[in-house]
Amino acid sequence: MTLQEIKLLHAFNSWATNRLFDALAPLPPDELTKDMKSSHASIHATLTHLVGAEKIWLSRLAGMPEKEMITAAEVPTLSAVKAVWEKTGFGMAQFLGTMTDKKLKGSFSVAYPTGKTYTYVYSQAIQHLVNHSTYHRGQIVAMMRQLGHAPPKTDLIAFYRETSGQS
């Protein structure tokens with residue numbers, strides 16, 4: 001992948017997650033924290049996981065890996081999760097501003113608390129990050145529907161349509 005393509009993926013990822021935050025804002029706190037029997041229980045916990053994963057991957061990409069993900073207890077409100085999201089998104093944009101096509105093909109290693117060390121290609125790690133977020137946005141969309149709320153469109157094709165003026 002080229003840097004231009006990676007930046008486009010980052011723009012899509014930011015667009016989709018921002019749309020999700022906007023759609024979740026009117027929901028009452030008890031619905032955001034209701035156990036929906038999903039992989040991360042509630043909308044809030046799933047959103048925290050999505051944002052926390054992006055934050056920890058950014059730290060890894062930047063060569064300063066954090067040891068632990070944020071928890072829902074650390075960001076108990078939607079606005080608290082959004083504050084972490086905005087800082088993380090800005091950090092990713094800054095990081096991508098330091099990259100080149102050549103650097104994207106390079107690799108970095110992460111030592112995990114388990115004692116294992118894994119080596120990743122920058123472009124693949126960023127693609128994973130976007131894919132991971134897409135997966136969990138889909139879970140949140142399903143939970144919104146189960147609660148009777150209309151979710152936002154967060155598909156890649158909707159992003160392409162909107163950013164090309166075809167929406």
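Author: Keep in mind that this is a predicted model. A place to start is the surface: L8, L156, I157 and Y160 make a nonpolar patch of about 320 Å².

Reader: Which helix gives the most to the nonpolar patch?
Author: Helix 7, residues 156-163, with three residues. I157 lies in helix 7.

Reader: Is I157 buried or partly exposed?
Author: Partly exposed, because its relative accessible area is 44%, and buried means under 20% while exposed means over 50%.

Reader: Ok, new topic. How many aromatic pairs are there?
Author: The count comes to ten. W57 and Y120 form one of them, with 5.1 Å centre to centre and 75 degrees between the planes, which makes the pair edge-to-face.

Reader: Where in the chain do W57 and Y120 sit?
Author: In distant parts: W57 is in helix 3 (residues 43-61) and Y120 is in strand 2 (residues 117-121), 63 residues apart. W57 is buried, at 10% relative accessible area, whereas Y120 is partly exposed, at 21%.

Reader: And what about the rings of F159 and Y160?
Author: Their centres are 5.9 Å apart and their planes are at 50 degrees, so that pair is tilted. F159 is buried, with a relative accessible area of 4%, but Y160 is partly exposed, at 36%.

Reader: Which residues do ring pairs link into a cluster?
Author: W57, F95, F108, Y112, Y118, Y120 and Y122. W57 also has a charged neighbour: R60 lies over the face of its ring, 4.7 Å from the ring centre.

Reader: On to the strands. Which residues are on the covered face of strand 1?
Author: In strand 1, residues 107-111, F108 and V110 make the covered face. S107, S109 and A111 are on the uncovered one.

Reader: How many bridges join strand 1 to strand 2?
Author: Five, and the two strands run antiparallel. V110 stands opposite Y118, which is in strand 2. The hairpin of these strands has five residues between them, and G115 takes a positive phi near 100 degrees there.

Reader: Now charges. How many salt bridges does a search of the whole structure find?
Author: Three. In one of them the side chains of E162 and R19 meet at 2.9 Å, N to O. E162 lies in helix 7 and R19 in helix 1 (residues 3-24), so this pair ties together parts that are 143 residues apart in sequence.

Reader: Are E162 and R19 buried or partly exposed?
Author: E162 counts as partly exposed, at 34% relative accessibility. R19 counts as partly exposed too, at 26%.

Reader: What does D35 form a salt bridge with?
Author: With K37, the closest N and O atoms being 3.4 Å apart. D35 is partly exposed, at 41% relative accessibility, while K37 is exposed, with a relative accessible area of 70%.

Reader: And K55, which residue does its side chain meet in a salt bridge?
Author: E66, at 2.9 Å, N to O. This pair links distant parts of the chain, eleven residues apart: K55 is in helix 3, and E66 is in the loop between helix 3 and helix 4 (78-97). K55 counts as partly exposed at 24% relative accessibility, and E66 counts as partly exposed at 31%.

Technical notes. Residues numbered from 1 in each chain as written. Predicted model: local features only at pLDDT ≥ 70, side-chain atom pairs only at ≥ 80, totals over all residues. Heavy atoms only, no water. Patch = residues over 30% accessible without salt bridge, like charges linked within 9 Å, V, L, I, M, F, W, Y side chains within 5 Å. Areas by Shrake-Rupley, 256 points an atom, 1.4 Å probe, with all protein chains shown as cover. Salt bridge = Lys/Arg side-chain N within 4 Å of Asp/Glu carboxyl O. Helix = DSSP H or I, 4+ residues; strand = E, 2+ residues; numbered from the N terminus. Buried < 20%, exposed > 50% of the residue type's maximum accessible area, 1.4 Å probe, protein only. Phe/Tyr/Trp six-rings, centres within 6.5 Å; stacked < 30°, edge-to-face > 60°. Lys NZ or Arg CZ within 6 Å of the ring centre and 35° of its normal. Pairing = 2+ DSSP bridges.
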